[in-house]
Amino acid sequence: MIRVVKASKTYNKGKPNQVDAVNEVTLHVARGEMAVIHGASGSGKTSLLTLIGCISRPTSGEIHVAGKTISRLPEKFMTMHRREHIGIIFQQFNLILDLSVEQNVGLPLFPLNMSKTLISERVDHLLAKMSLSKRRDFLVKQLSGGEQQRVAIARALINNPEILLADEPTAHLDTALTKELMETLAAIKKDARTIVIASHDPLVYNHPFVDRIFEMKDGKVVEE
Amino acid sequence: MILNPWVISMYVGILGMALLYSYALTISAQIVRYWDINSMEEGQLILERKSYLSSTIIQYGLGIEIVSIVLFYMTLESMAEVIPGAMCATGALKANMYGFPALFLKMAVAFVCAVWIIIHHVDTKLEDFHLTRFKYRCLFVLAPLLLCDFALQFLYFLNLDPNVITSCCGVVFEIEGEGFGSSVASLPPETMMLTFFISIPILLSMGYFLSTKKSPIGYYLYSLFGLILFVISILGIISFVAPYIYEMPTLHCPLNIMRREYHYIGYLLYAFLFIASFFSLVPGLSEFLKRKGGQIQNVVDDMQRKSIKISIVFWVLFFATSLLPIVLFEIRSEGGNLFS
Amino acid sequence: MNRYLNLLDFTIHSFFRRKGKNISFLLLFSYLVFLFTSVLLLTGAIKKEAQRGVNALPDIIIQKLTAGRQVPIPVLYEKKLNDIFGIQRIEPRIWGYYFDSPTQANYTIIGYDSHKTWDKELGLIVNPGEKGANLEKGEAILGVGVAKAKHLKPGKQFGLHTPDFRSRSFDVVALFKAATNLHTYDVILLSTKDTRAILGVEEGFATDLGVYVYNKNETTTIAKKITKLLPGIRVVVKNQLARTYDTVYSWKSGIILLALVSCLLAFAMMVWDKASGLSAEEKREIGILKATGWDTSDILIMKFWEGLAISLPSFMLGLITSYIYTFFLGAPLLKHLIIGWSVLYPPFNITPSVDFNQLLVLFSLTVIPYIISTIIPSWKAAVIDPDTVIRGV
C-alpha cells in the first residue's frame, strides 16, 4: 500500500539554514496494517508523513501510495490523489475554530462535485458513528479537547480513505482519552484500512494492534 | 480626441489588463525557459504555482475582452450622437480608418484567448504537463495582438474628429453601393436563407454521427464546419435576419439589432453564436493536440463528446433566435414576403 | 456545478465570519460606486433634457447679420426659399432678451402665435386648470423664475417697457410647469403683437426664421441650398446644436470621471493591500483547506466568489443610493458642478432614467478594476504551502 524508496526531503536547499528533514528513508507498509513511526520531536516524523500524505514532494527518491507513484506528480494531481485515498489527522487537529462541527467535517468534500444534501448525509452518518450528532451545529471552539479530536478524526474519514495518517494524535490528550482514541483507530483498522501514526507516546506504540514500528532519528529510519 | 465616460471606462479596463498580461508574459518566459517536469527542485514547484497565475490572468482576460467588445460597441453608439453623419455604431466606425480594424482585432484577441483556454484546459488534465511549454509559447502570439488592440483603439479615439462627416450604416450596407459591406448586403436573401437553413440538418447529423463514433477526420470536419457556419451566420444576419428584425428590406446593419428598440435581440443572437462557435472549435483543436502525444489521448475523448453536445445546443438556440423575427413577421403580415 | 455552489456557500459563511472588516470595506466601495454613478446618471439626465429642448427647435434657423450683429430679418425672405424642395414650412419667430431694471435680471420674451405654433404643446407645459392655448393681447404666461423674482402669480399684473419708454401692463394668466424649468425658467410668453411692441420688432420683420424639413436626413443639404440662395445670412442647423450640447456635457462629465479615476486607483491599491495582507489566521485557514484536499484552483474560485460577494452588493448599494440622490434629492452640489459653475442656473427636476449601457459602463469602471486588482493577491493566497501549516512553521 505504501512504499517509500530512498526518499529525502530537504528544506532550504543550498542555503545556510539547510535542513535534511527526511534522509534517504526506505519503508513499506502493507494493506490493512497499522504502523507507528516513533522518534523524538524533530526527528522528521511529520515531514515523512507529509510526503506519504501527498502534501509535499520529496527532493529525491520515490514514493508509491495506493497504487500510484506520487514523487513526481504535479501538486494538483497530488491533491486529487489525496482526496481519493488518504485521510489525515493533524497534530494540532487543525480545525477551523469558528466554523460548525458539520462544516469542519464536510470541508474536504466541498471542492468535489457533490450535492449539498449528499455531503450532509455523509457527515451525519459519520457524526453518529463518532457520537457527535448532538454537537452537529456547535462551533468547534465550543467543544472539549476530546470532542475536537473526534471531529478531526471524522474529517479525516469523510472521504472514506484507504489510508489514514495521524500525526501525534495523542499529544493533547490524557490517558483515558488516548486509550479511547486507540480503540477508535483499532476499529477503523478493522475496515481494512491502512494506518500510519507518528507518535512518541508509549500508549500508542505499545498498543497490541500495531503491526510495525519504525524508529526515526535525524531524518533516518534506524530500526524497524 | 473625444473624452466621455465610455472611452474612459474602456481605457481603465484595458490598462489594467495590459499590466496583468505583461506580468503573465514574464512568467511564460520563465516557464518556457526553465520548465523541467523531471526536476524535483524547489524552483520547478514555484514555476508550477506561477503557471496558475498566468492562466488565471488569461481566463479573466477573456472575460474582460468580451466586456470590452460590448463596451466598444456602446462607445460607438454614444459617439454616433457626436459625429456628424453617423446615426449608429457603423457610422462611428467609419469615422476614421482605425474603427473597423479595431473591432476586428478585438474579436481576434477574444478568439485567440478562447483557443488558448481550450489548450490550457486539456493541459490541466495531464499529469505530466505535456502541453505546458507549448501553451506558454502560444501565449506569445497574444502579445502583439494585444499591443495592436490597445494601439488601434487609442488611435481610433485620438483621431475622431467631430468636424468630419462620416457615412451611416444605410450607406455601408446599401444594396447598390460598393465595398465589402454592400456586397454582403446585396447577397440574395432567399439563397442565403436556404444555405443558412440547410446547414442545420447537416450539423445535427454530423453531431449525431460523432456522438456514436470516434472519427479523427470527423472532428476536424466538425470544427471546420463550425468556422464556416460562423461566417455564414454573420453573412446571414446582414443579408436577411437584420432586415426582418427592422422589418425593412433595405436595412442590413448588423450592429443596430443590439439596440433597445429591438429588445436587445442582437446580444442574445451574438452570445449564442459565439458560444456555439467556441465549442465547435474544441473537437478539431483537441484532435490536433492529440498529435503531441503523451496521455492526451485519454483526456480529450470525453471533452470532444461533451463540447459537440454543448455546441449543438447553442447552434440550435442561435438558429431559433434568428428564426424568431422571421416567424413574427410572417404572423403579423399573414404570410407576406419582406423582400418582394 | 455543485463544486462552484459548495464553494460559494463556504465563501458566504466566511464573509459573515469576518463581518466587521468586510462590511466597512463594502461601504467604502459602495461610496465610490455612488460617486461614479451620480456623475453618470446626472449627465445622462441633463443630456436628455437638453436634447428635448433642442428637439423643440426648428430644423434650421435663419438669422440676418448686419455688421456682425444679429438684426431682425424681413419675413419676405420666406418667399425666396419656397422653391427649395423638401421644406415643410417656414415660421417667423419673434423673441428676444429684456433687461428688467427693478429686479436687475435678464428675461427671455417669446412671442406666441396661437394660430401657428405650439398649439397643443402649450397645454402640456402650462399648469393645468389655468389659461388654455389662446393668448390674448395683454396676457402673459411666466416661467417660474420670473414669477419668483417679481413676486407674481396668476391673476396679478406686471409692467414692461417698450423701446420708446412707454409702459405696458400685462395680466399673468398662467405659469409654466416646474418640470420645464431648464427651458422656461426665465421666459415671459406674450402674444406676437405684444412681443413686437416690447422688443421693437416691426411688422414684416422677425427675429429669425425657423425652417422645418420633411426628411431630417436632408437637413444639411437644404441648409447648403439656403446659404446659396441667401448669401450673407447665418444658417444654424439643429443637429449642430444637439452635438454641441452633447460634447459639452460629455466633456464635463469626462473631466470629473477622470478625477474619480484617480480615486479608483487609490482604491485599487487599497484592495491590493487588503487582499495581499492576509492575517496569520487566514493563512492558517487556507493551509488547512489545502491540506484537507482543496486544490489551488478551488481556492482561486473561492477568492473569485469572495470578490463578487463584496463588489456586487457594493455595486447595488452604490447604484440605489445614487439613484435616490440624483432623482429624488435632485443631486445637490454635484448638479452645480456639472451644469455650470454658476448658482444662477435654473433649478429643474431631473427625470429618472437609467439604461443598460450606463450600467455596463459603471460596472466596468468599478467592479472590473476591483476584480483585476484582486487577481494577484488571490493567487498569492491560493498557493500557500499546506506543508508549512502542518509542520507549524
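# Helices, a sheet and chain contacts

Helix 10 of chain B and helix 11 of chain B lie roughly antiparallel to each other, because their angle is over 145 degrees. This is a predicted model, so keep that in mind as you explore the structure above.

- Helix 10 covers residues 265–290 of chain B and helix 11 covers residues 296–333 of chain B.
- The two helices pack at an angle of about 155°, and their axes are 8 Å apart.
- Helix 10 of chain B passes helix 11 of chain B in a left-handed crossing.
- Sorted by class, the residues of this contact between helix 10 and helix 11 of chain B are 19 nonpolar, eight polar and one charged.

**A helix pair in chain C**

- In chain C, look for helix 1 (residues 2–17) and helix 11 (residues 296–328), whose axes come within 9 Å and cross at roughly 55°.
- That angle makes helix 1 of chain C oblique to helix 11 of chain C.
- The crossing of helix 1 and helix 11 of chain C is right-handed.
- On the side of helix 1 of chain C, the contact residues include Tyr4(C), Leu7(C), Leu8(C) and Phe15(C).
- Helix 11 of chain C contributes residues including Ile301(C), Met302(C), Trp305(C) and Glu306(C).
- Ten nonpolar, one polar and two charged residues make up the contact of helix 1 of chain C with helix 11 of chain C.

**The domains of chain C**

- Chain C is divided into domain 1, made of 2–53 + 244–390, and domain 2, made of 60–237.
- Taken over C-alpha atoms, the centres of domain 1 and domain 2 of chain C are separated by 48 Å.

**The sheet in chain A**

- Six strands of chain A form an open sheet with mixed pairing, and their order is 6-7-8-3-9-10.
- Strand 6 (86–89) and strand 10 (220–223) of chain A stand at the edges with a single partner strand each, so one side of each has no neighbour in the sheet.
- From one strand to the next, the twist averages 25°.
- Strand 9 (residues 212–217) of chain A pairs with strand 10 of chain A in the antiparallel sense, over three bridges.
- Lys220(A), in strand 10 of chain A, is the bridge partner of Lys217(A).
- Helix 5 (residues 145–157) of chain A lies across strand 6 and strand 7 (163–167) of chain A, and runs at about 165° to strand 6.

**Where chain C meets chain B**

- This contact takes 28 residues from chain C and 26 residues from chain B.
- Helix 9 (238–276), helix 11 and helix 13 (356–382) of chain C each supply at least two residues of the side that touches chain B.
- Helix 13 of chain C gives the most to that side, with 13 residues.
- By class, the side of chain C that touches chain B has 18 nonpolar, seven polar and three charged residues.

**Where chain A meets chain C**

- Here 26 residues of chain A are in contact with 20 residues of chain C.
- Helix 1 (45–52) and helix 2 (75–85) of chain A each supply at least two residues of the side of chain A that touches chain C.
- Helix 2 of chain A provides the largest share of that side, five residues.
- The side of chain A that touches chain C divides into ten nonpolar, nine polar and seven charged residues.

Methods. Residues numbered from 1 in each chain as written. Chains lettered and ligands numbered in written order. Predicted model: local features only at pLDDT ≥ 70, side-chain atom pairs only at ≥ 80, totals over all residues. Pairing = 2+ DSSP bridges. Helix = DSSP H or I, 4+ residues; strand = E, 2+ residues; numbered from the N terminus. Axes fitted to C-alpha atoms, helices over the stretch in contact; angles between N-to-C directions. Contact = placed C-beta atoms within 7 Å. Parallel < 35°, antiparallel > 145°, perpendicular 65-115°, else oblique. Left-handed = near helix turned anticlockwise from the far one by under 90°. Nonpolar A, V, L, I, M, F, W, Y, C, P; charged D, E, K, R; others polar. Domains from an automatic or database assignment.
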